[in-house]
Amino acid sequence: MGRPNLLITRGLPEPVLKLADASFEVKLWPHDYPIGAQLLPWAQGCDALLVMATDRLDAGTLQQMPSSVRAIATYSVGHDHIDLEAAADRGVPVFNTPDVLSDAVAETALLLILSAARNASTAEATLRDGNWGPWSPTHFLGQQLTGRRLGIYGMGRIGMGIAQRALAFGMQVHYHNRTRHSSASAYTYHASLESLMAHSDVFCACAPSTPQTRGAINAERLKLLPTGAVFVNIARGDLVDEDALISAITSGKVGGAGLDVYCNEPMIDPRFKQLPRTTLLPHIGSATHDARNGMGTLAIDALRTLLLDDAKPANCLNPGALSRRFLKGVS
Ligand code: DGY
């Protein structure tokens with residue numbers, strides 16, 4: 001069998017492209033913007049796709065996917081942009097990139113927690129704007145993390161990484177998750193998101209975007225936060241009712257916010273840019289060389305294992321599609 005054709009929908013770090021070139025005939029979308037509606041025409045004749053979190057593979061797109069496409073990997077841990085069932089219906093297994101980015105994203109969460117608690121964005125802007133006056137005991141006062149309760153919504157690999165790091169800051173870790181973790185016995189479990197929010201001096205959203213979590217952080221629940229709480233989101237923007245969050249920050253209910261993700265990236269609600277005590281990052285959670293190389297390696301390895309070694313890779317998000325393929329003995 002010849003080298004499989006692989007469509008990569010965005011430029012990737014050099015080591016990852018080299019790895020892909022070693023096993024595949026790579027067809028690379030050359031533009032620095034998402035492939036959008038060009039995905040289907042570009043997928044013609046391809047055996048596999050390596051897509052981004054910005055590419056929407058909904059049921060309609062997957063139904064029209066050329067039959068040559070036998071596997072899809074996404075260069076992300078999040079997979080809310082792919083209809084896994086629709087892919088399984090086409091017999092197409094989908095792979096993602098967990099673990100390798102957990103440290104980078106956990107570090108980003110700590111960056112935002114610290115920045116929001118200490119209002120670092122405003123302090124830096126004041127300096128850059130030339131408005132830094134003489135040192136004052138009352139300027140730029142923020143919240144110290146020592147002894148504060150950190151509430152983690154979604155205790156997966158990234159949530160656990162944030163919890164471990166928060167301990168080093170002397171924080172008490174609380175969490176809410178679909179299931180209670182035996183490996184998280186040092187942390188206080190809350191059976192409901194409401195209870196977690198009521199006990200979070202610092203609240204960090206780390207849950208995946210699913211029909212159950214979308215919009216879960218709404219006006220009613222934001223009211224449960226202790227007044228002045230710090231709010232951080234490193235997961236997905238659509239977990240949050242953004243109108244309600246903006247009101248909570250404006251009113252001071254939320255005392256500081258750190259956001260890496262938004263509902264309509266990159267065209268975010270312009271009101272965010274006017275908010276006080278808020279640090280805004282442009283979805284850079286996993287943006288380290290280590291993480292991005294690791295993500296690429298994992299994604300390419302999965303596609304290579306399946307298409308060249310005819311073996312079952314790990315990290316399959318719709319294992320039914322994989323079982324079907326191996327039952328049929330398709331290669
Ligand atoms: C992920 O891996 O899901 C990151 O948010 C990048 O999209």
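Select Arg128 first: with a relative accessible area of 64%, Arg128 is exposed, because the cut-off for that class is over 50%. Glu124 counts as partly exposed, at 41% relative accessibility. This is a predicted model.

**Other salt bridges**

The model has 13 salt bridges in total. One of them pairs Glu25 with Arg3, where the closest N and O atoms are 3.0 Å apart. This pair links distant parts of the chain: Glu25 is in strand E2 (residues 25–28), while Arg3 is in the segment before strand E1 (5–8), 22 residues apart. Glu25 has 40% relative accessibility and counts as partly exposed. Arg3, at 39%, also counts as partly exposed.

Next, select Asp47 and Arg70, whose side chains meet in a salt bridge (3.1 Å, N to O). Asp47 lies in the loop between helix H2 (39–43) and strand E3 (48–51), and Arg70 in the loop between helix H3 (59–63) and strand E4 (71–74), so the pair ties together parts that are 23 residues apart in sequence. Are these two residues buried or exposed? Both Asp47 and Arg70 are buried.

**The ligand**

Select the ligand and display its surroundings. The residues around it are Ala53, Ser76, Val77, Gly78, Leu101, Arg236 and His283. By type, this shell divides into 3 nonpolar, 3 polar and 1 charged.

A polar backbone atom of Gly78 is 2.9 Å from an oxygen atom of the ligand. From the side chains, Arg236 places a polar atom 2.8 Å from a ligand oxygen. Taken alone, the ligand exposes 230 Å², and the protein buries 85% of that.

**A nonpolar surface patch**

Switch to a surface view and select Leu127, Trp132 and Phe140. These residues form a nonpolar patch on the surface, with about 360 Å² of accessible area together. Trp132 is in the loop between helix H6 (120–128) and strand E6 (149–153). Trp132 counts as exposed, at 58% relative accessibility.

**Two buried asparagines**

Go to Asn177, in the loop between strand E7 (172–176) and strand E8 (188–189). At 14% relative accessibility, Asn177 counts as buried, because the cut-off is under 20%. A polar atom of the Asn177 side chain lies 2.8 Å from the backbone nitrogen of Met155. The Asn177 side chain also reaches the backbone oxygen of Thr179, at 3.0 Å.

Then select Asn318, in the loop between helix H11 (289–307) and helix H12 (319–328). Asn318 has 5% relative accessibility and counts as buried. Which backbone oxygens does the side chain of Asn318 reach? One belongs to Leu84, at 3.3 Å, and another to Val92, at 3.0 Å.

**Backbone geometry**

Stay in the loop between H11 and H12 and select Asp310. Phi of Asp310 is near 50°, a positive value in a residue other than glycine. Asp310 is partly exposed, with a relative accessible area of 34%.

Asn315 lies in the loop between H11 and H12 as well. Its phi is near 65°, again positive in a residue other than glycine. Asn315 has a relative accessible area of 26% and is partly exposed.

For the last stop, select Glu265 and Pro266 and display the backbone between them. The two are joined by a cis peptide bond, with omega about 0°. Pro266 is found in the loop between strand E11 (254–259) and strand E12 (278–280).

Conventions: Residues numbered from 1 in each chain as written. Predicted model: local features only at pLDDT ≥ 70, side-chain atom pairs only at ≥ 80, totals over all residues. Heavy atoms only, no water. Near = heavy atom within 4 Å. Polar contact = N/O pair within 3.5 Å; in protein donor to acceptor, adjacent residues only side chain to side chain. Areas by Shrake-Rupley, 256 points an atom, 1.4 Å probe, with all protein chains shown as cover. Nonpolar A, V, L, I, M, F, W, Y, C, P; charged D, E, K, R; others polar. Patch = residues over 30% accessible without salt bridge, like charges linked within 9 Å, V, L, I, M, F, W, Y side chains within 5 Å. Salt bridge = Lys/Arg side-chain N within 4 Å of Asp/Glu carboxyl O. Helix = DSSP H or I, 4+ residues; strand = E, 2+ residues; numbered from the N terminus. Buried < 20%, exposed > 50% of the residue type's maximum accessible area, 1.4 Å probe, protein only.
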